[in-house]
Amino acid sequence: MAPASMGPPRICTPSLTPYPVHHQLRLHGSRRQCSARRRRLPGDDTLNSRNPRLHAQDPRPVRKHRNTHPDWLPAMKMAAQVANDCNKPWVLDPVAAGASGFRLNACLELLKLRPSVVRGNGSEIMALFKGSSDENSKACYYGVDSLHDSTDAVEAAKSLAQITGSVVAITATGCSVTALIAAFVAVDPLRPFEATATALSVFGLAAEIGMEMAKGPASLRMHLIDTLHGLDQDIVHRRVNISHM
């Protein structure tokens, strides 16, 4: 049984729009709020739903972001499989994958369903790699804060990409950049690597511009969101510099 506060599962039918649709399996509190803001900024419709089958007849891409409540894991796996069956990309954000045995095993089960992109911090990526290459691997990290630098996880990310066939992105930023990656991959599903690299570049550019105006963490968040909303093609072409892919 799901917690009473979540209410019963609901079946939602998305309205037809010319924009990509995200199917986000439930996030909680401020994270859901922040990632929803950033998803909508690139001009896509956001659909928060608990019914993973609703996209079966929808031709648009799907974005799946996992939560780890046991009652919802079967729905997450079903949503991923539906996305695969419909040839739609989906993004796995393995939040705190190494914090508990349940989280690690849940992420490994989802990883077997071949996400288009895996986006995690250094510790999350290392936990996934160790878990996917060693059946006896146990959770060994705490919470969502990374205990490792991104550079510490580069080799693990490369190996994980080879094992899964997914694009693996290591970032210090969490759910917000995952949402933006999903938006870009939804627009360009046949080139997930290029879409991911572009999303990370655009997010980094927005952060740089936001930092120029911010006076602290709270105002940085505001300016980051506003900058993402206001970016245009000219600014991106002038300031984004991808030297190697």
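Visitor: Let's start with Asp-234: what is the relative accessible area there?
Guide: In this predicted model, Asp-234 has a relative accessible area of 47% and is therefore partly exposed, since a residue counts as exposed over 50% and as buried under 20%.

Visitor: And which side chain does Asp-234 meet in a salt bridge?
Guide: The partner is Arg-238, with an N to O distance of 3.0 Å between the two side chains.

Visitor: How many residues apart are Arg-238 and Asp-234 in helix 9?
Guide: They are four residues apart in helix 9, which spans residues 233–239, so about one helical turn separates Arg-238 from Asp-234. Arg-238 itself has a relative accessibility of 55% and so counts as exposed.

Visitor: OK, stepping back, how many salt bridges does the count come to?
Guide: The count comes to seven salt bridges, and one of the pairs is Arg-119 with Asp-93, where the closest N and O atoms are 3.1 Å apart.

Visitor: Where in the chain are Arg-119 and Asp-93?
Guide: That pair links distant parts of the chain, the two residues being 26 residues apart. Arg-119 belongs to strand 4 (residues 117–120), while Asp-93 sits in the loop between strand 3 (91–92) and helix 3 (101–111).

Visitor: Are those two, Arg-119 and Asp-93, buried or exposed?
Guide: Arg-119 and Asp-93 are both buried.

Visitor: New topic: how many disulfides does the count come to?
Guide: The count comes to zero disulfides, the cut-off being a pair of cysteine sulfur atoms within 2.5 Å.

Visitor: Then where does Cys-175 stand, buried or exposed?
Guide: Cys-175 has a relative accessible area of 12%, so this cysteine is buried.

Visitor: And what is the relative accessible area of Cys-86?
Guide: For Cys-86 the relative accessible area is 27%, and this residue is therefore partly exposed.

Key: Residues numbered from 1 in each chain as written. Predicted model: local features only at pLDDT ≥ 70, side-chain atom pairs only at ≥ 80, totals over all residues. Heavy atoms only, no water. Buried < 20%, exposed > 50% of the residue type's maximum accessible area, 1.4 Å probe, protein only. Salt bridge = Lys/Arg side-chain N within 4 Å of Asp/Glu carboxyl O.
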